[in-house]
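Subject: Structure for your review

Hello,

Here is the structure I said I would pass on. My notes on what was found in it follow below.

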Amino acid sequence: MKALTCMAVLAWGGTALAGEASPPKLPIGVSAALYDISVPPDRKPTPERVALGEKLFNDKRLSADDSVSCATCHDPKRAFTDGKATSVGIKNQVGQRNSPTVLNALFAATQFWDGRAGTLEEQAMLPILNPIEMGMPSPEAVVAKVKGIPEYRTEFQKVFGRELNYDDLAAAIAAFERMQFSGNARFDRFLAGDAKALNASEKRGWALFNGKARCNTCHAGNAVSPLFSDQKFHNIGIAAHKQDFSKLAAEALKIVRTGDEKQIDELALETKFSELGRFLVTKNENDIGSFKTPTLRNVGVTGPYMHDGSLTTLWDVIDHYNKGGIANPFLDGGMQRLGLTEPEIDDLVAFMFALTADDFSALEKQELARQRARKNNRPERDTAAALGKKGNLGDLAPNPNLDIKNPAELGLYGPVRLTEK
Ligand code: HEC
Ligand code: HEC
């Protein structure tokens with residue numbers, strides 16, 4: 001609890017606390033306090049572990065036929081994604097889910113779209129063994145194969161002081177991932193007080209994000225929530241047009257073994273049960289079709305979007321929300337029609353692109369141009385539903401107050417500030 005209180009006081013990008021727990025040099029937008037509570041003391045990444053982990057992350061020899069590495073689906077140059085709707089593993093096998101970024105994954109409370117892994121270590125062990133990802137038959141087989149590579153045999157001995165084993169292999173990869181924090185976006189400089197860091201459209205987008213568009217109910221961005229994710233699971237109606245959820249859930253209940261991560265991993269990536277999302281993990285009816293609220297940092301460069309990669313551009317994403325999602329019995333109560341106009345949609349998209357880290361500014365320009373070129377191709381758009389001329393999806397949110405004096409305050413504490421005046 002103490003750490004949390006401290007974090008709320010620290011500004012975004014606060015400097016490192018003194019003492020041995022000092023984190024590495026962090027970008028603005030990522031606070032030292034957050035790093036401290038996210039990285040367990042016994043898993044602080046050492047330079048040796050990070051270097052070894054990076055090598056493993058990029059090494060295709062971790063897969064059954066030497067064709068796929070972690071980086072195949074999480075390409076560091078593409079902000080650790082693959083640009084595909086759903087990922088492709090060994091022997092060109094296509095999975096059911098979209099590859100999320102590894103950037104800032106160290107701060108997430110759970111890993112995977114359905115949160116089936118609790119730590120980065122647990123997560124890293126699964127793709128290597130998944131038949132359609134890296135396809136190794138067992139942890140023992142991985143250890144034997146990697147031990148057969150002399151450089152790894154000596155390096156593991158040096159870094160961990162013992163013979164290579166599967167846990168240490170995962171620990172090295174996780175150490176590398178714990179260095180993949182990402183801030184330094186135009187938005188971070190804006191929040192730190194540089195009013196000119198965002199242009200007028202991006203500022204309007206931020207106000208809409210916290211007001212009329214209600215994005216902050218699940219994607220709040222502030223000092224205690226720098227990922228723009230509430231870390232919870234919601235059904236926003238993405239898979240609703242593809243599946244009869246209730247029937248699928250009944251079928252799944254007959255086969256899912258509670259707590260069996262390996263079984264859930266395979267069901268999630270290889271079968272139609274993927275669309276049940278969090279339900280596969282909890283077997284709780286309220287979780288049917290629910291997925292983790294993803295981070296919005298670097299979202300401009302990590303498309304296509306959603307757990308199944310079914311939305312191509314950020315314009316498509318806003319169109320989906322604008323009509324209140326797609327109705328289904330398990331739709332989250334936070335989903336309502338928004339009545340956003342076309343210029344407002346443009347502003348929201350502009351704001352989301354302002355969450356791109358400086359390292360990716362070249363990619364950002366390219367992606368923005370690519371998405372903009374598709375702006376008139378809008379499969380998700382349903383203006384009549386968005387404006388309430390059809391369907392019954394409740395009241396529209398009020399328009400946001402755009403004349404807030406101190407830009408650093410805009411939206412920082414959620415919608416309260418926006419409705420005060
Ligand atoms: C064949 C493509 C593929 C390979 C290879 C792969 N991943 Fe992934 N990764 C994915 C997909 C797809 C997901 C999402 C799956 C899900 O949520 O069910 C994912 C999820 C993750 C996540 C969770 C992120 C989040 O936001 O929840 C992390 C971390 C990750 N992978 C790291 C790794 C590491 C480390 C390796 C190598 C050991 C690896 N991945 C290999 C495709 C791949
Ligand atoms: C009820 C909670 C909720 C609300 C409200 C909400 N989101 Fe989301 N958002 C989610 C969840 C959950 C997902 C993942 C859903 C899935 O894949 O099935 C998501 C996915 C996304 C994605 C895709 C990111 C990626 O990496 O694939 C974007 C972009 C996004 N939301 C932006 C917004 C914006 C902009 C708004 C406001 C108009 C908004 N969200 C409102 C919960 C919410």
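In this predicted model, 49% of the 421 residues of the chain count as buried. The chain has 19 helices and two strands. Among contacts between residues at least 6 apart in sequence, 70% join residues that are at least 24 apart.

Confidence

The chain has a mean pLDDT of 89, with 87% of its residues at 70 or more. Two stretches fall below 50. Residues 1–21 have a pLDDT below 50, and this stretch has 39 contacts in the model beyond near neighbours in sequence. For residues 405–421 the pLDDT is also below 50, with 32 contacts in the model counted beyond near neighbours in sequence. Where pLDDT is low, the predicted coordinates should not be read in detail.

Ligand 1

There are 29 residues around ligand 1, and Cys70, Cys73, Phe112, Trp113 and Pro127 come nearest. Helix H4 (70–73), helix H5 (120–129) and helix H13 (261–270) each supply at least two residues of this shell. H5 gives the most, with five residues. By class, the shell around ligand 1 has 18 nonpolar, eight polar and three charged residues.

Helix H5 also holds Gln123. Is Gln123 buried or exposed? Gln123 has 23 C-beta neighbours inside 10 Å, and the cut-off for a buried residue is 20 or more, so Gln123 counts as buried. Leaving out residues up to four places away in sequence, Gln123 touches Gln111, Phe112 and Ala117. Gln111 is twelve residues from Gln123 along the chain, and their C-alpha atoms are separated by 6.6 Å. Phe112, a contact of Gln123, is also among the residues that come nearest to ligand 1.

Ligand 2

Around ligand 2 there are 26 residues, of which Cys215, Cys218, Tyr305, His307 and Gly334 come nearest. The elements that give two or more residues to this shell are helix H11 (216–219) and helix H15 (314–322). The largest share, four residues, comes from H15. The shell around ligand 2 divides into 17 nonpolar, seven polar and two charged residues.

Helix packing

Two packed helices are described by the angle between their axes and the distance between the axes.

H3 and H8: the axes of helix H3 (residues 47–57) and helix H8 (residues 166–177) come within 7 Å and cross at roughly 100°. Angles of 65 to 115 degrees count as roughly perpendicular, so H3 is roughly perpendicular to H8. On the H3 side, Arg49, Val50, Leu52, Gly53, Glu54, Leu56 and Phe57 meet Leu169, Ala171, Ala172, Ile173, Ala174, Ala175 and Phe176 in H8. By class, this contact has eleven nonpolar, one polar and two charged residues.

H10 and H16: helix H10 (residues 200–210) and helix H16 (residues 342–353) pack at an angle of about 100°, with their axes 7 Å apart. H10 is therefore roughly perpendicular to H16. From H10, the contact is made by Ser201, Glu202, Arg204, Gly205, Trp206, Leu208 and Phe209. From H16, the residues are Glu344, Asp346, Asp347, Leu348, Ala350 and Phe351. The contact of H10 with H16 has six nonpolar, two polar and five charged residues.

Regards

Notes. Residues numbered from 1 in each chain as written. Chains lettered and ligands numbered in written order. Predicted model: local features only at pLDDT ≥ 70, side-chain atom pairs only at ≥ 80, totals over all residues. Axes fitted to C-alpha atoms, helices over the stretch in contact; angles between N-to-C directions. Parallel < 35°, antiparallel > 145°, perpendicular 65-115°, else oblique. Contact = placed C-beta atoms within 7 Å. Nonpolar A, V, L, I, M, F, W, Y, C, P; charged D, E, K, R; others polar. Near = placed C-beta within 6 Å. pLDDT = per-residue confidence, 0-100. Buried ≥ 20, exposed ≤ 12 C-beta atoms within 10 Å, placed from the backbone.
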